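Trainee: I would like to learn how to read a protein model step by step. Could we begin with the overall layout and then turn to the details?

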Amino acid sequence: MPRQLGDLEDAVMTRVWQWNRPVTVREVLEDLQRERSIAYTTVMTVMDNLHQKGWVRREVDGRAYRYTAVSTRAAYSAALMNEAWSRSDNPAAALVAFFGMMSAEQREALRDAMRIVQPDLSGTPGSPTGERAGGPADAGTGEPAGEAAGDPADGAAPEAGR
């Protein structure tokens with residue numbers, strides 16, 4: 001199960017995710033230095049730690065490494081939410097409490113996501129929510145949601161401690 005990134009790890013990964021291309025320690029350092037005073041060796045150590053934990057892969061480019069994210073920020077966030085939810089002794093109550101904390105924009109994003117995962121949620125006769133008996137699946141494929149439509153590797157976040 002993934003562990004939440006530390007503050008500096010998150011700041012580094014945010015750049016790697018946003019830039020969506022192989023990056024060097026120097027590039028990340030220069031961007032971080034706009035916000036804070038930080039040493040090259042600190043950024044290098046953090047990026048090496050992220051590599052050791054499996055969050056980034058790296059390739060040699062001359063005398064430096066270029067780092068690329070292994071997973072997306074969305075997959076990381078989903079893994080954290082899933083971990084928190086799975087630790088609850090009452091998952092239904094946890095979901096109700098979570099939904100109660102959502103803003104109107106977040107609830108709309110949830111509705112949009114549910115339409116993607118289960119396109120027939122608009123209502124199936126005999127089902128108040130339109131949910132099919134087989135649970136979440138992509139329409140007509142029988143595949144679990146997300147696997148037929150997207151990159152299956154996107155849904156898997158690396159485990160901490162790798």
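Trainee: How many helices and strands does the secondary structure of the protein chain come to?

Mentor: Please keep in mind that this is a predicted model. The secondary structure of the protein chain comes to 6 helices and 2 strands, and from the N terminus on these elements run in the order α-α-α-β-β-α-α-α.

Trainee: In what sense do strand 1 and strand 2 pair?

Mentor: Strand 1, which covers residues 56–61, and strand 2, which covers residues 64–69, pair in the antiparallel sense over 6 bridges. As one example, R57 has T68 of strand 2 as its bridge partner. The hairpin leaves 2 residues between the strands, and G62 takes a positive phi near 70 degrees there.

Trainee: Which residues touch the most other members of the largest nonpolar core?

Mentor: The general idea is that, in soluble globular proteins, nonpolar side chains tend to be buried together. Here the largest nonpolar core has 21 residues, and those touching the most other members are V12, M13, V43, M47 and L50. At least two residues of this core come from each of helix 1, helix 2, helix 3 and strand 2, with helix 1 giving the most, namely 5 residues. If we follow L50 and leave aside its neighbours within four places in sequence, we find it in contact with L5, E9, V12, M13, W55 and V56.

Trainee: How many salt bridges does the structure hold, and how should I read one?

Mentor: Side chains of opposite charge can pair when their charged atoms come close. The structure holds 13 salt bridges, and one of them joins the side chains of D31 and R15, at 2.7 Å from N to O. Since D31 lies in helix 2 and R15 in helix 1, the pair ties together parts that are 16 residues apart in sequence. R15 and D31 also belong to a network of salt bridges that includes R34 and E35.

Trainee: Are D31 and R15 buried or exposed?

Mentor: Both D31 and R15 are buried. For another salt bridge, consider R66 and E27, whose closest N and O atoms are 3.6 Å apart. R66 lies in strand 2 and E27 in helix 2, so this pair ties together parts that are 39 residues apart in sequence. R66 is partly exposed, with a relative accessible area of 29%, and E27 also counts as partly exposed, at 24% relative accessibility.

Trainee: Which residues make the nonpolar surface patch?

Mentor: M81, F98 and F99 make this patch of about 280 Å². F99 lies in helix 5, and its relative accessible area of 35% makes it partly exposed.

Conventions. Residues are numbered from 1 along each chain as its sequence is written. This is a predicted model: local features need pLDDT of at least 70, side-chain atom pairs count only at pLDDT 80 or more; totals for chains, interfaces and linings use all residues. Side-chain values use heavy atoms; hydrogens and water are left out. Patches are made of residues with over 30% relative accessible area and no salt bridge: like charges are joined within 9 Å, nonpolar side chains (Val, Leu, Ile, Met, Phe, Trp, Tyr) within 5 Å. Accessible areas come from the Shrake-Rupley method with a 1.4 Å probe; for residues, only the protein chains shown count as cover. A salt bridge is a side-chain nitrogen of Lys or Arg within 4 Å of a carboxyl oxygen of Asp or Glu. Helices (H or I, at least four residues) and strands (E, at least two) are DSSP runs, numbered from the N terminus. Buried means under 20% relative accessible area, exposed over 50%, partly exposed in between (1.4 Å probe, protein chains only). Two strands pair if DSSP finds at least two bridges between them. A nonpolar core is a set of buried Ala, Val, Leu, Ile, Met, Phe, Trp, Tyr and Cys residues joined through side-chain atoms within 4.5 Å. Contact means heavy atoms within 4.5 Å.
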